[in-house]
Amino acid sequence: MTTIIDIHTHTLPIHPESAIWNCTPSTLSLLPQTQYASFGLHPWSLSASTLSSEIESMEQLLTDNRFIAIGEAGLDKLCDTPWELQMQAFRLQAELADRLNLPLIIHAVKAHNEIMQLKMQLKARNTWIIHGFRGKPELANQYLQAGFYLSFGERYNVQSLLAVSSSRLLFETDDSQHSILDIYQQAAPILSLSAHELLTQTMQNIDKVFFNR
Ligand SMILES: [Zn+2]
């Protein structure tokens, strides 16, 4: 059974075995020897001139088995990065994740249809996870029907949390000041579970998604 209970954090965890640290080209040198991590190019910080070399070195880097996911990668209609560049970077990372059979951790802002379409176009067989999901229940249902997992953090629509089937549910701290245990303690009563029950259920999902690929 996995020891991971937090699938996405930007803070280096005190207990390396408890979380997947979000690693980027600029924080790569800080990655501890025993830390699980995801690695990706965020839509906020892309450069057209370095994209292809970064994707190439990413493929090399991901042979290191500390990396158990690609991300966060994604699409964000509210940021300044040119849309074409975002699409290109996201598509390349999605293709790589599928080819390497790694889960993809996705940053999605006002680009939900595009993300669902791309998953279908690519006929992706790997797991796609929308991180920090704050959408409405209708959107949650669309994602679930398209085969996605949804990860919840500190803030979300309670009805959406209730709409997600227990087998597709994940939790994260992202950049929250709260601990991951706070996140479970907040969500558990909404789902009529004890924090321990929710933790156990989520760890089964984490096992399946990240370790039984
Ligand atoms: Zn994040």
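The structure is a predicted model. Its strands include eight that form an open sheet in the order E1-E2-E3-E4-E5-E6-E7-E8, with parallel pairing. Strand E1 (6-9) and strand E8 (169-171) stand at the edges of this sheet, and because each has a single partner strand, one side of each is left without a neighbour in the sheet.

**The sheet**

- From one strand to the next, the twist of the sheet averages 30°.
- Strand E3, which covers residues 37-39, pairs with strand E4, residues 67-76, in the parallel sense and over three bridges.
- Within this part of the sheet, Phe-39 has Ile-70 of E4 as its bridge partner.

**Helices across the sheet**

- Helix H2 (residues 83-99) lies across E4 and strand E5 (104-109), and its direction makes an angle of about 155° with that of E4.
- Helix H6 (residues 180-190) lies across E1, strand E2 (19-23), strand E7 (149-152) and E8, and runs at about 140° to E8.

**Helix H2 in detail**

- With 17 residues, H2 reaches 24 Å from its first C-alpha to its last, which is close to the 24 Å expected at 1.5 Å a residue.
- The residues Gln-86, Ala-89, Phe-90, Gln-93, Ala-94, Leu-96 and Ala-97 of H2 are buried.
- As a general point, an α-helix has 3.6 residues a turn, so residues three or four places apart point the same way.
- The cover over the buried residues of H2 includes helix H1 (51-61) and helix H3 (112-122), together with the strands E4 and E5.
- On the face of H2 that is turned away from its buried side, the exposed residues Glu-84 and Arg-99 are found.
- Asn-101 follows H2, and the phi of Asn-101 is positive, near 50°.

**Val-158**

- Val-158 lies in helix H5, which covers residues 158-163.
- Val-158 counts as exposed because it has 11 other C-beta atoms within 10 Å, where the cut-off for an exposed residue is 12 or fewer.
- Between Val-158 and Thr-34, which are 124 residues apart along the chain, the C-alpha atoms are separated by 35 Å.

Conventions: Residues are numbered from 1 along each chain as its sequence is written. This is a predicted model: local features need pLDDT of at least 70, side-chain atom pairs count only at pLDDT 80 or more; totals for chains, interfaces and linings use all residues. Two strands pair if DSSP finds at least two bridges between them. Helices (H or I, at least four residues) and strands (E, at least two) are DSSP runs, numbered from the N terminus. Axes are lines fitted to C-alpha atoms, for helices over the stretch in contact, and angles run from 0 to 180 degrees between N-to-C directions. Two residues are in contact if their C-beta atoms, placed from the backbone, lie within 7 Å. A residue is buried if 20 or more other C-beta atoms lie within 10 Å of its own, exposed if 12 or fewer, and partly exposed in between; C-beta atoms are placed from the backbone. The expected span of a helix is 1.5 Å times one less than its number of residues.
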